[in-house]
Structures are given as structure tokens and as C-alpha cells.
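Student: Please take a close look at one part of this structure with me. I would like to see how that part sits among the rest.

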Amino acid sequence: MDVGIIGAGRLGQAMARTALRAGRQIMMANSRGPESLASLVSTLGEGASAGTVDEAAGADIVVIAVPWPRVGEAVEGLRWEGRIVIDATNDFDPSDLNGWTSSQVLADLVPGARVVKAANTLGAAVLGADPHEGGGRRVIFLSGDDAEAKSEVTALFEDAGFVAIDLGGLVTGGAMQQLGGPLAGVNLIQLPQAT
Ligand SMILES: NC(=O)c1ccc[n+]([C@@H]2O[C@H](COP(=O)([O-])OP(=O)(O)OC[C@H]3O[C@@H](n4cnc5c(N)ncnc54)[C@H](OP(=O)(O)O)[C@@H]3O)[C@@H](O)[C@H]2O)c1
């Protein structure tokens with residue numbers, strides 16, 4: 001299984017569709033257990049499965065798609081060393097940040113993981129739709145401090161049809177992507193270069 005998705009709501013399902021479009025195997029998880037996800041997994045189709053949070057956290061790439069107030073309990077007590085973690089959260093309380101970006105705060109909760117901020121700037125319906133639109137491809141922004149992790153996440157989104165734009169590290173890029181930043185909610189299509 002290539003991509004584990006913790007949180008199976010609107011954003012988690014959009015990430016599932018994106019990863020399946022990229023040809024990856026996915027595992028969805030929530031706090032209620034895999035049985036509660038049987039119907040969703042069957043709707044998502046081939047390549048999708050349900051598991052425990054622990055199992056989903058064992059994937060090559062793990063997406064955190066739970067509401068911000070529940071991130072701590074969702075990731076607590078799991079092994080994160082070396083994992084690539086996509087932080088798709090957006091609904092943080094500014095008073096929780098102490099001057100950090102929300103992805104820095106999340107990175108602190110998953111010690112040893114290589115966190116990439118991505119998939120938070122688009123609404124779930126737009127993220128989960130085919131990124132080929134109007135003769136171009138939808139842009140997805142990402143940032144992170146580990147080049148190899150960013151390259152894996154770039155490949156995931158590019159294989160799904162997006163144009164991935166790397167904004168730099170979690171401090172500068174994360175601040176541009178997160179709620180209140182200039183790229184929050186921005187939906188861009190990159191058109192082919194005119195010849
Ligand atoms: N919706 C959007 O358009 C959008 C866009 C950008 C970013 N985001 C961000 O994505 C995150 C999720 O938003 P959403 O709209 O997808 O929320 P949602 O539809 O309410 O789904 C939340 C999911 O998280 C699961 N969950 C909650 N606590 C959990 C825990 N402790 N362990 C495992 N799973 C848990 C819930 O399932 P159970 O309660 O059954 O466990 C549910 O499947 C938020 O941070 C949000 O800011 C959302």
C-alpha cells in the first residue's frame with residue numbers, strides 16, 4: 001500500500017481519489033475503525049482499502065486529513081521515523097501556533113517524519129476532481145524541509161495530473177499555503193506555453 005490516509009472525510013476522500021488517479025494503492029483510516037469504511041472503500045473501487053490508523057501510518061506516504069483539534073490524538077503513539085507525512089490540515093486555531101506555521105506544529109507531533117504541506121489550498125471537491133481543465137492542468141502547491149520527501153509528493157500529484165509548485169521550506173512555504181496566507185483557496189490552471 002503506497003498512501004495511507006488518516007481521516008476519511010471530505011479532504012481524505014479527495015486525497016484518495018487523487019492517489020488512485022495517480023495509480024497508487026491507498027488505505028483509509030478513521031477513529032471508528034475499518035468496518036465503518038467498508039461502503040466508502042467499495043465506492044472508491046480498485047486500489048482502495050480500509051485499515052486501522054496504525055496500519056495507514058505504515059504507508060510510504062501518510063496523509064493527515066483530520067480536523068486540527070484532533071490531529072494530536074490521531075498521530076499520538078505511532079512510529080513516524082522516516083515517514084513522508086502530507087499535512088493537509090487548514091482549520092488551526094492561531095493561538096495554538098506560537099509564531100510557527102501550522103505544519104511546523106504538526107511536524108513536532110510526528111517526530112522523525114518528513115512533513116510536506118500540500119493539498120490544503122484547494123477545496124475538497126476541486127482537489128478530488130480531474131486536474132485537467134480548460135486545456136491545462138491544475139496547480140498544487142507544496143512545501144517542506146526534506147528534498148526527497150518533496151520529490152515523492154511531487155511525483156504523486158504529477159502522476160495524478162497536477163502541476164506541482166514547490167514553495168520552499170515549511171516556514172516560508174507553509175505560511176503562504178496555510179489559512180490567512182496569499183495562496184489559501186487559490187485555484188490556478190497552468191496552460192501550455194504558447195509557441
Ligand atoms: N473540506 C475541505 O474542503 C478542506 C480543504 C482543505 C483542507 N481541509 C482540512 O482537512 C482536514 C479534514 O477536513 P475535512 O473537511 O475532511 O473534515 P471531515 O469531513 O469532518 O472529516 C474528518 C475525518 O477525520 C476523521 N477523524 C477525526 N478524528 C480522528 C482521529 N482521532 N483519528 C483518525 N481519524 C479521525 C473523521 O472520522 P471519525 O470521526 O469517524 O474518526 C473523518 O473521517 C481539516 O484539517 C481541514 O482544515 C479541508
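What follows is a walk along one loop, and then through its surroundings.

Tutor: Bear in mind that this model is predicted: local features need pLDDT of at least 70, and side-chain atom pairs count only at pLDDT 80 or more, while totals for chains, interfaces and linings use all residues. Numbering starts from 1 along each chain as its sequence is written.

Our part is the loop between strand 5 and helix 5 (102-109). Helices (H or I, at least four residues) and strands (E, at least two) are DSSP runs, counted from the N terminus. Strand 5 covers 84-87.

Start with Ala88, which lies in this loop. Is Ala88 buried or exposed? Ala88 is buried, because 26 other C-beta atoms lie within 10 Å. The cut-offs are simple: 20 or more other C-beta atoms within 10 Å of a residue's own make it buried, 12 or fewer make it exposed, and anything in between is partly exposed, with C-beta atoms placed from the backbone. Now look at the contacts of Ala88. Beyond its neighbours within four places in sequence, Ala88 touches Leu11, Met15, Val63, Ile64, Ala65, Ala118, Ala119 and Asn120. A contact means that two C-beta atoms, placed from the backbone, lie within 7 Å.

Asn90 is in this loop too. With 19 C-beta neighbours inside 10 Å, Asn90 counts as partly exposed. Leaving aside neighbours within four places in sequence, Asn90 is in contact with Asn120, Gln178 and Leu179.

Go on to Asn98, another residue of the loop. Asn98 is exposed, because it has 8 other C-beta atoms within 10 Å. Check its backbone. Phi of Asn98 is positive, near 50°, in a residue other than glycine. Ala88 and Thr101 are 13 residues apart along the chain, and their C-alpha atoms are separated by 13 Å.

Next comes helix 5. Six of its eight residues are buried, so it is mostly covered. The buried ones are Ser102, Ser103, Gln104, Val105, Leu106 and Ala107. What do these residues pack against? They pack against strand 4, helix 4, strand 5, strand 6 and helix 8 (172-177).

Follow Ala88 across to Ala119, one of its contacts. Ala119 sits in the loop between strand 6 and helix 6 (124-128). Ala119 is buried, with 28 C-beta neighbours inside 10 Å. Phi of Ala119 is near 70°, again a positive value in a residue other than glycine. Asn90 and Ala119 are 29 residues apart along the chain, yet 9.6 Å separates their C-alpha atoms.

Leu11 and Met15 also touched Ala88. Both are among the buried residues of helix 1, including Gly12, Gln13 and Ala14. After helix 1 comes Gly23, with a positive phi near 85°.

Now the ligand. Its shell has 25 residues, and the closest are Gly7, Gly9, Ser31, Thr89 and Asn90. So our Asn90 returns: a residue counts as near the ligand when its C-beta atom, placed from the backbone, lies within 6 Å of it. Helix 1 gives three residues, the largest share of this shell. Helix 1 and helix 4 (71-75) each give at least two. By type, the shell holds eleven nonpolar, nine polar and five charged residues. Here Ala, Val, Leu, Ile, Met, Phe, Trp, Tyr, Cys and Pro are nonpolar, Asp, Glu, Lys and Arg are charged, and the others, Gly among them, are polar.

Last, the core. Ile64, a contact of Ala88, is among the residues with the most contacts inside the largest nonpolar core, along with Ile5 and Ile6. That core has 55 residues. It is a set of buried Ala, Val, Leu, Ile, Met, Phe, Trp, Tyr and Cys residues joined through C-beta atoms within 7 Å. Five of the core residues come from helix 1 (residues 10-21), the largest share. In soluble globular proteins, nonpolar side chains tend to be buried together.
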